[in-house]
Amino acid sequence: TTFQDGGEEVEDGAVYNVTLKKVQIQQAANKGARWLGGEGDQLPPEHTVRQYETSKIRAIKAGTLEKLVENLLTAFGDADFSYISIFLATYRAFASPRAVLELLLDRFGNLETSSDGDVANLNSLESVMVLRVEIASVLRAWLDQCSEDFREPPDYMCLLKLLEYLKNNMPNSDMESRVQNLLKQFQNQEVEAVDGFCSISSSDLVNGEELEISNPEEFSSFQDHVVAEQLTYMDVMLFRRVVPYHCLGSIWSQRDKKENKNLAPTVRATITQFNAVTKCVISTILGTRELKIQQRAKIIEKWIHIAHECRILKNFSSLRAIISALQSNSIYRLKTTWMCVSKDILLMYEELSEIFSDHDNYLTSRELLMKEATSKFANLDSSEKENQKKSQKRLQLQKTKGVMQGTVPYLGTFLTDLIMLDTALQDYVEGGLINFEKRRREFEVIAQIKLLQSSCNSYCLIPDQKFIQWFRRQRHLTEEESYKLSREAEAAADTNILSPKSQKSMVKRISTLFLGTDVFTPPKEQPPKSSPAGGSSGESTDSASVSSCEFNHSETEDVCVTPISSPEDPLKKGYDSDKGSISSDKGSISNKGLDSSKGSIFDPGSGLDSGSIPTRDLGSVPSSAPKELPVYNQQSGSSCIIRVSMDGLHASVYKSILITNQDRIPDVTQRALLKHNLEPDAVEDYELVQVISEDKELVFPRDANVFYGMNSHVNFNFILRKKA
């Protein structure tokens, strides 16, 4: 089969795209082959004769509402077989159900008055009987695909009009009885607000219960897979109720107007549920002030496990909600707590987060969603072996039980696509005709939603009322409350871990454990030119090098004890800021819970981007290790320390960063973004500027070497500024 563009056909009130379809209808042996007794399908091409048939496909491109409705009756004759589905899924963007029904029934369906009127102009219809069959086919598709269009309490005007038409023109038909049943169903159903499982009303709470902050012990009593299954159950129930046309950009984009507060209730319900999951995660982590660091870290680990279970269940909605909560400002800033999360679980968290990377318009999540849309089970690929084993074990259990899974998407991706289409494409074309090509593009997205909705029928989940009641009872924290609790939790962690009395002994324990030397304490003040920081007199600085990022309590800064490695390989060994551990070539030593907002030892946000600390058993510092430590405002050897502040903030709010002669602008910018708790992937959006004087700045090219390009005769003060 081959296709050829046939151009356009223009009629009064409509424009059609024409495509010529060439199809082979017969292949027979040629005369010589027949004489030899050969069959056509067994012969090479040169011994056969092929016959082709060319047919014309007309697809309406733009038209008036009357022409679009008329095309419902002629689309099959024009070989535009998907037209009815596309029209029914998208017409609410330019017409009401009543307007379409009146045109269909009064203008084209009134068989008594249209014998020599409009019907005569429908060349593809040969008789009144054919017209009746076509109208019945359209009405049947309408009731099958969009029965919600007729839900208009309390009068149900469209449904009553349709019922009257059927009684007059198709009495005692299956269609008539079907419409009667639908009308009774709508009338008998109580008016219910489709607002998800997270709505709270007096009827939802048992025995006068009130909203409460989560009890950590009660939350811990729910198994991870049970929580994931119940979240999936709630998401499935809501997603299956979503009316596809509610997602159209022209409808969803109008939701914020006062008169549209009840617009698209099925979409609002899924969003309310998504927000409820996010807020539940935050309240369970921050809601109880008395939690210790390790207890709070255990709750984070539990939510990461739940997110992984959601991934196995192919529930991308709750998975995205949990990841979003863990990436929220109030949770992300809990550095001390995150340092107590185990390395394996952090790896799992990173893999799950990568699914929703915004790189290339969320390409990863889009491809994964389409890959798993109709698959029976999740396709899990993990780089972490232990994680992969657990996943495969859970999947094997599902397959053994014969339990198939559907797919619950993150609806926000489709909403964004539809809003972008609505913005980019015009509603009307030249002559005031409705642009139906736009509706075909929108239907491509709507069809994906419908496909995923049908896949959700594969789920077989049973509600757990104990968990659902617990979930409903949760009191959600406001952003202000969660941020305040986050600051309190981190301040308490800092007090417990690095109090003034314990800080010196903590440094001593780490120095003794890792270095086998006496204590090294960071100096209270860094002189302009200093000798290597060290412990008591007589110590050999060959055993270790320790630097201080200027211990100054009067300014907002991270204070760090920075191990130094050879400048040739500053990043291959040492502190892994993402995993919270100090590593070497032969092993790794966990380092958790050591952080302070004003002074931190081995803080992931404190510029420990280079260096390794060899232990006594793993070898000593190479003889090439620098004797002179990097300090602020001085290039010593091949490294130095610079101060980076954010544009718009006071100059005293800065972060000290160790740079070497190998560091270029993207590397330094990324580290600066990390230390200022900003997205490290946004490197291209920022520029690094050295402040020369009050009215002079040095702007670095994109790939410049910072160490050699900077002005070493002024203060090493830099600004990270967002590009215009």
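These legends describe close-up views of one predicted protein model.

The model is predicted, with residues numbered from 1 along each chain as its sequence is written, and side-chain values use heavy atoms, without hydrogens or water. Local features need pLDDT of at least 70 and side-chain atom pairs need pLDDT 80 or more, while totals for chains, interfaces and linings use all residues.

**View 1. The whole chain, for orientation.** The protein chain has 26 helices and 15 strands. These are DSSP runs numbered from the N terminus: helices are H or I with at least four residues, strands are E with at least two. Of the 724 residues, 49% are buried (under 20% relative accessible area, with a 1.4 Å probe and protein chains only). Residues 24 or more positions apart account for 69% of them.

**View 2. Helices α7 and α8 side by side.** Helix α7 spans residues 157-169, and helix α8 spans residues 174-188. How do their axes cross? The two axes come within 9 Å and cross at roughly 155°. That angle makes α7 roughly antiparallel to α8 (over 145 degrees). Axes are lines fitted to C-alpha atoms, for helices over the stretch in contact, and angles run from 0 to 180 degrees between N-to-C directions. The crossing of α7 past α8 is left-handed (the near helix is turned anticlockwise from the far one by less than a right angle).

**View 3. The contact of α7 with α8, residue by residue.** From α7 come L159, L160, L162, L163, L166 and K167. They meet M175, E176, V179, Q180, L182, L183 and F186 of α8. The residues of this contact divide into 10 nonpolar, 1 polar and 2 charged. Here Ala, Val, Leu, Ile, Met, Phe, Trp, Tyr, Cys and Pro count as nonpolar, Asp, Glu, Lys and Arg as charged, and the others as polar.

View 4. The peptide bond from P153 to P154 is cis. Its omega is near 0°. P154 sits in the loop between α6 (128-145) and α7.

**View 5. An open sheet of 5 strands.** In what order do the strands stand? The order is β12-β11-β15-β13-β14, and the pairing is mixed (two strands pair if DSSP finds at least two bridges between them). Strands β12 and β14 (696-699) stand at the edges, each with a single partner strand, so one side of each has no neighbour in the sheet. Direction ignored, neighbouring strands are turned by 40° against each other on average.

**View 6. Strand β15 and its two partners.** Strand β15 covers residues 717-722 and pairs with β11 (residues 639-646) in the parallel sense, over 4 bridges. S645 has I719 in β15 as its bridge partner. M646 is bridged to L720 in β15. Strand β13 (residues 686-693) pairs with β15 in the antiparallel sense, over 5 bridges. Here Q690 stands opposite F718 of β15.

View 7. Helix α25 spans residues 665-675. Which of its residues are buried? They are I665, V668, T669, R671, A672, L673 and K675. Their cover includes β11, β12 (654-660), β13, α26 (706-709) and β15. After α25 comes N677, with a positive phi near 60°.

**View 8. K314 in its loop.** K314 lies in the loop between α13 (293-312) and α14 (316-326). Its phi is positive, about 60°, although K314 is not a glycine. Is K314 buried or exposed? K314 is buried, with a relative accessible area of 0%. G406 is 92 residues away along the chain, yet the C-alpha atoms of K314 and G406 are separated by 7.0 Å.

View 9. A264 is found in the loop between α11 (249-252) and α12 (265-286). Its phi is near 50°, a positive value in a residue other than glycine. A264 is buried, with a relative accessible area of 3%.

Terms used
Parallel < 35°, antiparallel > 145°, perpendicular 65-115°, else oblique. Contact = heavy atoms within 4.5 Å. Buried < 20%, exposed > 50% of the residue type's maximum accessible area, 1.4 Å probe, protein only.
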